[in-house]
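Me: I am new to this structure. Please take a close look at one part of it.

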Amino acid sequence: QIGCQEAGLKARRPAVVAWPWENHPWERALVRTARRLGIATVGYQHTVIGRHMYNQSPASNPDGLAGLPDVIVCNGPAYRRQLEAWGVPADRLAVGGAFRLANQDIVHDVQAPVFVALSSDTDISAQMMAAVRALGPTKRRFVVKDHPMYPFEFAETETLRRTTRVLPRHRALSGVLYSTGTVGLEALLAGLPTFRFRPEGRIAIDILPDGVAAVPVDAESLEEALATARPPQTMDRGGVMAAVDLAVWRRYL
């Protein structure tokens with residue numbers, strides 16, 4: 001990949017290159033090549049940066065700040081603060097916003113099912129499914145959405161159903177269970193009781209920004225947590241994910 005992207009930059013010589021930025025090795029190589037060729041680089045901070053995503057820190061780069069894009073455009077103020085705290089200079093950060101905002105019209109209804117957002121890690125998904133399946137005798141209902149890139153097969157029951165609808169397409173839910181990914185953040189922004197599943201023998205990276213927290217649960221504590229669920233405090237959505245600012249994008253692109 002690194003060889004292909006270097007050849008592509010040399011052949012096309014764009015004025016600027018932009019991509020969803022996560023600071024992986026291929027991205028660091030892209031930045032170095034672009035800089036040698038005089039091509040501006042704009043990294044769009046991927047939504048899942050959070051308190052455990054240490055690879056986004058310049059400290060993880062062998063060449064420190066030199067391996068970062070010229071500018072990193074963040075989803076919102078919370079993520080900008082996080083990157084700045086990790087050592088990214090303020091003048092290399094901007095807030096460009098995100099279209100991925102939770103639907104505020106989801107009703108919290110204690111009689112509605114719990115939305116289960118499975119992980120990209122199939123072992124974590126298997127543990128989540130075992131935990132919710134064990135609650136079958138309680139008659140609590142679950143709707144399960146697997147990860148779009150990692151389908152997960154399971155047998156449906158009276159209380160355990162598959163859904164193909166993403167979170168914002170549901171009209172009423174009693175809560176949201178997730179482990180990794182951005183669904184937990186979307187659920188909190190929507191004002192739903194939100195539970196972060198912590199698996200056995202695996203690390204579930206916490207992608208929530210500072211000041212935002214879901215209720216941590218495991219297979220043993222899930223039943224009690226659901227029984228005592230309460231909606232989170234109202235959050236400042238714009239302080240986490242800002243509305244898209246096209247002027248910022250025009251400036252850098």
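Where is the place of N61?

Reply: N61 sits in the loop between strand 2 and strand 3. This is a predicted model, in which local features need pLDDT of at least 70 and side-chain atom pairs count only at pLDDT 80 or more, while totals for chains, interfaces and linings use all residues. Residues are numbered from 1 along each chain as its sequence is written, and side-chain values use heavy atoms, leaving out hydrogens and water.

Start with the residue. N61 is buried, at a relative accessible area of 5% (buried means under 20%, exposed over 50%, partly exposed in between, with a 1.4 Å probe and protein chains only). Its side chain makes a polar contact with the side chain of R28, at 3.0 Å. (Such a contact is a pair of N or O atoms within 3.5 Å; within protein, one must be able to donate a hydrogen and the other to accept it, and residues adjacent in sequence count only if both atoms are side-chain atoms.) Not counting residues up to four places away in sequence, N61 touches N23, R28, G67 and L68 (heavy atoms within 4.5 Å).

Now the strands around the loop. Helices (H or I, at least four residues) and strands (E, at least two) are DSSP runs, numbered from the N terminus. Strand 2, residues 40–45, pairs with strand 3, residues 71–74, in the parallel sense over three bridges. (Pairing takes at least two DSSP bridges.) Y44 stands opposite V73 in strand 3.
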